[in-house]
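Q: I'd like to learn how to read aromatic rings and their surroundings in a model. Can you walk me through it?

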Amino acid sequence: MVDGMWVWGAIGLVLLTVEMATGTFYVLWFGVSALSVAIAMWLFPNIPHAIQFAMFAALSFSSLAIWRLNYKKTETHSRVGQAQGEEIGRVGIVFEACGPNQNGKIRFTQGVMGAKEWVAISNKTIEKGTEGRVIAVEGNALRIESI
């Protein structure tokens, strides 16, 4: 008859192989738990089957729960094409007046996010020829304030 230690060891290795194929970290804890039961069977070979299954279930679900509580998911969305604040504070010259009721245009000496000229919006009227500072990126326009 096959020893229980080898059965639990084989189950653990199969589950770890499945984990390596999927890379989800969910199956990992079941594989580690099965290997832990195999080690317990090696130390104490006469553990009843009910205790083995209870130990496997308790180790699996507790390790999975601990991992889920401490797991920090990383951001999955791409930031390509978004300023994310790098352009805040850049200074340019307003060459079309802007204000609360009209959009204007601002020009930079160096390109900002790939362009030298941008649509400018402002809460206060800013006249042509005035220097403006970027305070926010709003869609395809830059919110500016006068300096």
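Q: Is Phe-53 buried or exposed?
A: Buried means under 20% relative accessible area, exposed means over 50%, and partly exposed is in between (1.4 Å probe, protein chains only). Phe-53 has a relative accessible area of 51%, so Phe-53 is exposed. Trp-8, at 5%, is buried. Keep in mind that this is a predicted model, where local features need pLDDT of at least 70, side-chain atom pairs count only at pLDDT 80 or more, and totals for chains, interfaces and linings use all residues. Residues are numbered from 1 along each chain as its sequence is written, and side-chain values use heavy atoms, leaving out hydrogens and water.

Q: How many aromatic pairs does the structure hold?
A: A pair of aromatic rings is described by the distance of the centres and the angle of the planes. Rings of Phe, Tyr and Trp (its six-membered ring) pair if their centres lie within 6.5 Å; planes under 30 degrees apart are stacked, over 60 edge-to-face, and the rest tilted. The structure holds seven such pairs. In one of them, Trp-8 and Phe-53 have ring centres 5.7 Å apart and planes at 65 degrees, so that pair is edge-to-face.

Q: What about Tyr-26 and Trp-67?
A: They make an edge-to-face pair too, 5.3 Å centre to centre with 85 degrees between the planes. Trp-67 is buried at 14% relative accessible area, while Tyr-26 is partly exposed at 37%.

Q: Which residues form one aromatic cluster?
A: Phe-25, Tyr-26, Trp-29, Trp-67 and Tyr-71 do.
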